[in-house]
Amino acid sequence: MLSWLAKKIVGSAPTAYLSHPDCSLHDMGSGHPESPDRLAAIQDRLIASGVWDHLLHETAPCASHEQLALVHPSQYIEALERLSPAGGTVHLDPDTAMNPHTLQAAFRAAGAVVRATDMVLDGDATNAFCAVRPPGHHAESRRAMGFCFFNNLGVGVAHALSRGIARVAVADFDVHHGNGTEELFQDNPRVMMVSIFQHPFYPYSGERPLGPNMHNVPLKAGSRGDELRNAVQTHWLPALAAFQPEMIFISAGFDAHREDEMAGLGLVEDDYAWVTERLMDVAAEHAQGRIVSVLEGGYALSALGRSATAHIRALAGL
């Protein structure tokens, strides 16, 4: 359950939902788990549940080169532009490929997080969820990997810092470690990251944090909701309370669900709602309720739709 303060803050402005049709045009090939059907699964479940009508819908703009360059060197952005194919598919690694629409989708995905950040900081929304793809938390400053091209959340965090936010916290509950986000903000005293992830597992990082501002909690295959809740209560919440973030960003990956065969954790919808409520309590106490959540993983379509809806329902206080 939400704290009384979080309940008071929720409803003062709506929860924003940002997406764009371009994000469904990015396609890495038949059978690839990071498919356009993912966004449709979330939208369909939100509509069926009645949550859809309670959200403030916003069309995601494209991120500018200047906004992307807050975390990615210009040479990297330009290299992706040169690699973008006029037809067919170009593979950057065995798992990560570009079709003619990928770059535009990636600009939209990062732009959604920038726009969501502005909406929350300007009071147009209490919090926001960015239903975007390609995902971002594996993208390092100079490297695309793990289905990711730009670090969407990282661009939003850097934008919030540029707007004068003193301390930003990142919470990542994707089943895979957010190596890209950690690489971007290691040793940055204005950013703190808390995360859980299956270990050992792709991308085989995170067990040894890159800086004192990184609070990583590896979970063994087979871990379920009790282990998540213990990690949050024992590690995340004390670190967040000490840091007192002025804004929270969430890497919302739903591939730790027990139905998702891409990994081996055993979370369910109630676990995602619970962790969302705990982060909302922290945001209410320290950050005026300000949260921007960004879609990362989640490949079992029914579980993805149900889990994302539980997360968004909690954000909206429904």
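Q: Where is Pro134 found?
A: Pro134 is in the loop between strand 5 (127-130) and helix 6 (152-162). Helices (H or I, at least four residues) and strands (E, at least two) are DSSP runs, numbered from the N terminus.

Q: What kind of peptide bond joins Arg133 and Pro134?
A: A cis one, with omega about 5°. This is a predicted model: local features need pLDDT of at least 70, side-chain atom pairs count only at pLDDT 80 or more, and totals for chains, interfaces and linings use all residues. Residues are numbered from 1 along each chain as its sequence is written, and side-chain values use heavy atoms, with hydrogens and water left out.

Q: And what joins Tyr202 and Pro203?
A: A cis peptide bond, omega about 5°. Pro203 sits in the loop between strand 7 (191-198) and strand 8 (214-219).

Q: Is Phe147 buried or exposed?
A: Phe147 counts as buried, at 10% relative accessibility. Buried means under 20% relative accessible area, exposed over 50%, partly exposed in between (1.4 Å probe, protein chains only).

Q: What about Gln288: buried or exposed?
A: Gln288 counts as exposed, at 58%. Its phi is positive too, near 55°. Gln288 lies in the loop between helix 9 (269-286) and strand 10 (291-295).

Q: New topic. Which residues does Thr181 touch?
A: His137, Asn151, Leu153, Val170 and Met193, not counting residues up to four places away in sequence. Contact means heavy atoms within 4.5 Å.

Q: Why does Thr181 count as buried?
A: Because its relative accessibility is 1%. Thr181 is in helix 7 (residues 179-185).
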